[in-house]
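My entries follow in the order in which I made them.

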Amino acid sequence: MSLLEITDLTVDFDTEDGLVQAVRGISLDLGEGEILALCGESGCGKSVTAMSVPRLLPPDTTRLSGSVKLDGRELTTLPESRMRQIRGKDVSVVFQEPMTSLNPSFTVGYQITEVLRRHEGLSRKAAGARAVELLELVGIPLPARRVKEYPHQLSGGMRQRVMIAIAVACSPRVLIADEPTTALDVTIQAGVLDVFRDLRDRLGTAVILITHDLGVVADIADRAVVMYAGRAVEQAPVAELFARPRHPYTLGLMNALPSAAVNGRLAEIPGMVPSPLTDPDECAFQARCGRAQPDCRLRRPTLEPQLLDAHLAACFHPGGQS
Amino acid sequence: MPMAGLVLVAGFLLLALLGPVLTGDPSAQDYNATLAPPSGTHPLGTDDLGRDALARIAHGAQVSLQAGVLSTLLAMVVGIPIGLVAGFYRRWLDPVVMRLVDVTLAFPFLVFAVGLAAIIGPSLKGVVLALGFSQLPAVVRITRGEVLAIREMDYVAAAIADGASDRHILLRYVLPNCSSPLIVQATVAIPAAIIGESTLSFLGLGVQPPTPSWGVMLTTAQQYLDVAPWLAIWPGLMIALATLGFNLLGDGLRDVLDPRSGR
């Protein structure tokens, strides 16, 4: 049994324009100690999928169906009070914005001890000692001094490490990292990614990494799921995905990487993302796809095994070296 | 200028806390010197009953301080929780609270103070209640406005993701981060309440003679303006200086506490 099993998850948001279909039936599983990348462009539903695990979507406007199971326990129907005990303990989140994700009124040490005292019931003193250890774990020099500092005294990379320290303080089973490196500059990015890898190796934490940076995916993830318009279009072990991408959208993303630029010009995927308000029975990508055939407009392709069983793609006319 | 404010406020506090001890009984009468001008024995002169103006100014400072601080404290203690809850939970509570605030704001302060004086009798308690109530809408509004902004902050989202309870988020994340505008509000509210106390006491709705209050002293002084003008000058000057001091200090605090105002 997988650690985390998401089955047929759909998430709609009630808005003034109608029901926005953010996630349209996605199934995922995450193994112990696995680093899974969720990638795709803005609005493809990757964050919404991940945030529905700890139920961090606005409760008033979110309509969710499907199942999310952690260790076999259904999370979608759990009462809010039980869910609070899981957040930060079994499932933690590292957000994108390190500059604004820490409480400016308290020292970073206090903010780490807060979680420890809440979930682990540690005494103030024990939690304080653990906070120093955690800062050391995430690679902050002089941790004993840093715990007494306020967020504004730390740089962005430091703050992101503090965020990670808070997230892993209670040794979570699943760590959700929502574009954890986007706001950081490149040299610091690598350091933060190392921290994730290190935590996985040491604590066995499974990581869901939300990113649109394929470089990050290649660097750290074991497996990747490419999402488009609220659905998974391709899913494969990372080495396989980069060696033999099958879905035309994945191919397009890879061609759009700066390293793949021809004559200094970046390739782009033409066209626009389809409307999140309607969901016609066709391949969502066909309007932008160079390989589209008439049948792409007649029904929607489902995820099918490709050359490897672990490699799934939802395309009638997959590309790549087959 | 903020330093000048700090000096004035410190002077006012010293006068209110130490003055009464040093100057003695404000009701002691010197029958040989009624309406006497400033002199060696009575540095600020005496009033119509021969009472020392300096002693009465010092004791009056205490009354002003009490009225200013207690009414502001009352408004904060009642208003902040209302603003926190209304701003954080929204739903039906927020519009209800805000309309009530509008109603409170539309109610004339003096009419309310007269009504209150009629019910519980004119006293310092009545003054504090009336002033506290009149400050309430501003406190609720400021708190709510800040909460609306802070509840959308990333660190609140992060706290929810860490499993924090609503209570914890309100007390540890929202309240501390909306404190600066409230501190500034207090420095504006205290001088306003000092003037309010003087106004109410001047009109006979507040502190009652013989208790010395700057407002009460002004009431007496206006009858003797042509023979003993100093009786009006001292309390008037004190009200002006205390108010000015708090306002200058508030300006300074706002510059320090509000990152948007720049430095």
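**Entry 1: a helix pair in chain B.** I worked from a predicted model throughout. I began with helix H4 (residues 109-120) of chain B and helix H5 (residues 124-150) of chain B, whose axes cross at roughly 145° and come within 9 Å. I noted the crossing of H4(B) past H5(B) as right-handed. I then listed the residues that make the contact. H4(B) gives B:Phe109, B:Phe112, B:Ala113, B:Leu116, B:Ala117 and B:Ile120. From H5(B) I recorded B:Lys125, B:Gly126, B:Leu129, B:Ala130, B:Phe133 and B:Ser134. Sorted by class, this contact of H4(B) with H5(B) holds nine nonpolar residues, two polar and one charged.

**Entry 2: a helix pair in chain A.** I turned to helix H3 (residues 108-120) and helix H4 (residues 124-137) of chain A, which pack with axes 8 Å apart and at an angle of about 120°. On the H3(A) side I found A:Gly109, A:Ile112, A:Thr113, A:Leu116 and A:Arg117. H4(A) contributes A:Arg124, A:Ala127, A:Gly128, A:Arg130, A:Ala131 and A:Leu134. I counted five nonpolar, three polar and three charged residues in the contact of H3(A) with H4(A).

**Entry 3: where the chains meet.** How many residues does the contact take from chain B and from chain A? I recorded 13 from chain B and 21 from chain A. On the side of chain B that touches chain A, the elements giving two or more residues are helix H6 (154-161) and helix H7 (166-177) of chain B. H6(B) supplies the largest share of that side, six residues. By class, I found the side of chain B that touches chain A to have eight nonpolar, three polar and two charged residues.

**Entry 4: the sheet in chain A.** I traced an open sheet of eight strands with mixed pairing, in the order S6-S7-S8-S3-S9-S10-S12-S11 (chain A). Which strands are at the edges? I identified strand S6 (91-94) and strand S11 (304-305) of chain A, each of which pairs on one side only. S6(A) pairs with strand S7 (residues 174-178) of chain A in the parallel sense, over four bridges. I noted A:Leu175 in S7(A) as the bridge partner of A:Ser92. Helix H6 (residues 156-168) of chain A packs on the sheet and touches S6 and S7 of chain A.

Definitions and conventions. Residues numbered from 1 in each chain as written. Chains lettered and ligands numbered in written order. Predicted model: local features only at pLDDT ≥ 70, side-chain atom pairs only at ≥ 80, totals over all residues. Axes fitted to C-alpha atoms, helices over the stretch in contact; angles between N-to-C directions. Contact = placed C-beta atoms within 7 Å. Nonpolar A, V, L, I, M, F, W, Y, C, P; charged D, E, K, R; others polar. Left-handed = near helix turned anticlockwise from the far one by under 90°. Pairing = 2+ DSSP bridges.
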